[in-house]
Amino acid sequence: MNKINVNLNDFSYTVSVGNNLLNKENLNKLIGKEVLIVIDSSLSTKYEELLTEILLPECIRLEVLKIKASEQNKNQKTLNKIYDKLIEANFSRETVLVGLGGGIICDMTGFAAATYQRGINFLLFPTTLLAQVDASVGGKTAINHPEGKNMIGAFHQPCEVIADIDFLASLQQKELSAGLSEVIKHSLIHDYQFFQYLENNIESILIQHKDITIESVARSIEIKSEIVSKDEKDIGIRRILNFGHTFGHALEVYGNFEKYSHGEAVSLGMLMALNLSNRELELPSEFIDRVKSVLRLSKNIIEPKEDIDALELFKLMANDKKKTGNSLNFILLDRLGSAKVVNGIDDQNIIKAIDSF
């Protein structure tokens with residue numbers, strides 16, 4: 001088992017990566033606590049049954065709430081279901097929320113924990129590759145608004161994250177591919193050697209080779225935790241984690257959260273950002289071809305599913321929460337493994353980067 005420290009002074013915690021981690025030894029932060037488990041209703045009941053079997057004799061109180069996790073339901077109405085359960089059952093400030101599911105469950109459980117009685121602890125069992133390497137680490141919690149993704153939220157760090165790759169066995173290939181888009185992103189912004197490793201091993205992760213999967217998940221989380229530890233509140237270096245996301249989040253809204261999954265949108269968003277990097281920072285075209293090749297091997301899309309109105313997508317990007325004043329911030333690469341924040345880019349260059357598809 002790999003243990004990765006997210007160093008944030010009083011809010012530090014560990015992320016455990018491995019297999020066979022769903023056991024009493026790894027649940028000691030829940031012993032003697034009031035616990036509400038928030039579960040994705042589409043998840044196999046065997047995980048709920050196993051958690052319940054372990055925790056029921058050990059907790060002061062244990063209850064379960066199932067919610068349907070989708071981008072359309074990642075809103076105030078669904079969040080209120082968590083609040084309703086907590087309030088109606090009179091859960092105290094000593095309660096620990098447990099999120100068992102993908103990124104949406106991680107985000108919503110964290111936001112509920114951040115705001116219930118002004119803040120309670122939460123622990124995450126991310127069950128998708130995307131959630132393990134992204135949503136579960138870093139303390140960003142949020143819900144969507146009709147006009148934008150993750151527009152309402154708070155920074156609130158979990159007390160622990162347990163990333164068990166056994167959860168990945170039930171995933172469809174497209175869900176693994178979605179997670180791999182974030183793994184590739186981490187390599188592009190911070191670690192060229194890791195990118196080279198992925199060029200040679202990405203297909204082994206798709207077939208879930210245990211050792212390679214654990215190593216890749218752990219290295220991806222290490223990169224994110226290293227960046228988050230330097231900039232918890234996303235005002236400095238942490239912004240490089242948004243590589244591809246300014247374009248990608250707009251694509252999700254453009255497709256009404258139905259046309260493109262998060263992983264697909266990020267893949268296309270990264271390619272748009274690479275095209276913009278080529279225009280603004282003279283990133284060599286052969287680097288873009290190598291990234292396309294890795295994305296193709298990971299079974300991610302490298303072309304839109306339909307013609308995109310570049311001007312309309314650009315207008316949606318104007319609502320991006322990462323902008324400074326009226327200026328959009330873009331994360332661009334000057335080489336593979338090296339990212340920087342760039343703003344003040346001419347609108348026409350941004351539109352051309354979209355139109356390049």
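1. The axes of helix α6 (residues 192-206) and helix α10 (residues 285-297) come within 9 Å of each other and cross at roughly 25°. Please keep in mind that this is a predicted model.

2. Angles under 35 degrees count as roughly parallel, and α6 and α10 are therefore roughly parallel to each other. The handedness of the α6 and α10 crossing is left-handed.

3. Which residues of α6 and α10 meet? From α6 the list is Y192, F195, Q196, E199, I202, E203 and L206. From α10 the list is R290, V291, V294 and L297. Sorted by class, the contact of α6 with α10 holds seven nonpolar residues, one polar residue and three charged residues.

4. A second pair is formed by helix α2 (residues 76-88) and helix α3 (residues 103-115). Their axes lie 10 Å apart, and the packing angle is about 55°.

5. On the α2 side, the residues in contact with α3 are T78, L79, I82 and Y83. On the α3 side, M108, F111, A112 and T115 meet α2. The contact of α2 with α3 divides into six nonpolar and two polar residues, with no charged residue.

Definitions and conventions: Residues numbered from 1 in each chain as written. Predicted model: local features only at pLDDT ≥ 70, side-chain atom pairs only at ≥ 80, totals over all residues. Heavy atoms only, no water. Axes fitted to C-alpha atoms, helices over the stretch in contact; angles between N-to-C directions. Helix = DSSP H or I, 4+ residues; strand = E, 2+ residues; numbered from the N terminus. Parallel < 35°, antiparallel > 145°, perpendicular 65-115°, else oblique. Left-handed = near helix turned anticlockwise from the far one by under 90°. Contact = heavy atoms within 4.5 Å. Nonpolar A, V, L, I, M, F, W, Y, C, P; charged D, E, K, R; others polar.
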